[in-house]
Amino acid sequence: MSVKTVAIIGCGIGRSHIIEGYLPHPDKFRVTALCDLNVERLNEVGNEFGIEKRTTSFKELLADDSIDIIDICTPPGIHLEQVLDALASGKHVICEKPLTGSLKGVDRIMEAEKEAKGVLMPIFQYRYGDGIEKAKRIIEAGIAGKPYVGSVETFWLRTPEYYSVPWRGKWETELGGVLVTHALHLHDMMLHLLGPVARVFGRVATRVNDIEVEDCASASLLMENGAFVSLSCTLGSQEQISRLRLHFENVTFESSHEPYAPGKDPWKIIAANEIVQAEIDEVIGDWRPVSPRFTTQMAHFHAFLSGDGPLPVTTRDARQALELVTAIYQSADTGREITLPIGPESPKYANWRANTR
């Protein structure tokens, strides 16, 4: 397998990509370049990891033929433009969530992908870890049976200090609030395990901080498989937890409560009876530990690029998560239940801020 060279654009969360995603895989990746408009942070991260090529010019890296992968870790408001430019340059692209700020933007990216030489992998690192991957295996084996109901809780804390960063808390630059920047992770985990949503009723509010975007939300979902799911999220919880609890005919799953790595063990996997437990033991009895978050997502990406596995997260996955966001915003505006899928006919398709009352 060849080592892929990586340029990281944005040294904030980009530093975590280096530590968790690339350093554990020296036989797969080599970070050769950094880009950040904050020169002090650029040099700090470059010095920390011994990365010599440093620039404030995104276009310079797009023109560099020695780079295989552009890893976009910039503020959300510029993701769309940067993804499109990176795909047009012929590079493979990794992009942090949210991929963009509307379904129209996602669909533009999907059209660009059809002509691109490289591939795009959105980041949804919470899908990876022993707990969620065991649950996924049990569900796919058919052991869990009919899904009944679920609850998904993103109870985090963000203070005025967090929003002192100029791009945060604003529609133009952060693209949304708790639904877009925080709970999107947990909601993607739910979609990953339960499949598509059919109908949505939601509410949003700004109650915790003096910001433009929402910091509290709740929604009631009807899934395509018939299950009911309740979502609740706030940035005003004095104890930070992330939690999924999913009830099936034969198994109840409950995630760890680790706020930023809920895919890790320990998960509760509660079988209906001894027969079901024996089936579970057979399916996961040979389990080998899985590294959480970026470590495993990046490993799967390299396997895909080497022809050894599927693309771990696709643009369609990102669209599904952002379609749920769109439906909640539209429901909150109109006071009505929203039916999915959502296309260009929706008043929120191109702009979440569009008034639909």
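Reader: What makes residues 133-251 a "GFO/IDH/MocA-like oxidoreductase" domain?

Author: A record does. The UniProt annotation, from an unreviewed entry, gives that name to residues 133-251. Such annotations may be inferred rather than shown by experiment. The model itself is predicted. In it, the span is 24% helix and 41% strand. Its end C-alpha atoms lie 15 Å apart.

Reader: Which residues of helix 1 are called buried, and on what grounds?

Author: Buried means under 20% relative accessible area. In helix 1, residues 13-22, that label goes to Gly14, His17, Ile18, Gly21 and Tyr22.

Reader: Why are they said to line one face of the helix?

Author: Look down the axis of helix 1. The buried residues fall within an arc of 110°, so they line one face.

Reader: What covers the buried residues of helix 1?

Author: The cover includes strand 1 (4-9), strand 2 (29-35) and helix 2 (39-49). Strand 4 (69-72), strand 5 (92-95) and helix 11 (294-305) also belong to it.

Reader: How do you know that domain 1 is in contact with domain 2?

Author: Contact means heavy atoms within 4.5 Å. By that rule, nine residues of domain 1 (4-125) touch 12 residues of domain 2, which runs 127-290. The buried area between them is about 1000 Å², and carbon and sulfur atoms give 68% of it.

Reader: How many salt bridges cross the interface of domain 1 and domain 2?

Author: The rule asks for a side-chain nitrogen of Lys or Arg within 4 Å of a carboxyl oxygen of Asp or Glu. Across this interface it finds zero.

Note on methods. Residues are numbered from 1 along each chain as its sequence is written. This is a predicted model: local features need pLDDT of at least 70, side-chain atom pairs count only at pLDDT 80 or more; totals for chains, interfaces and linings use all residues. Side-chain values use heavy atoms; hydrogens and water are left out. Helices (H or I, at least four residues) and strands (E, at least two) are DSSP runs, numbered from the N terminus. Buried means under 20% relative accessible area, exposed over 50%, partly exposed in between (1.4 Å probe, protein chains only). The arc is that of the directions from the helix axis to the C-beta atoms. Domain bounds come from an automatic or database domain assignment. Buried area is the accessible area (1.4 Å probe) that two parts lose on being put together, summed over both.
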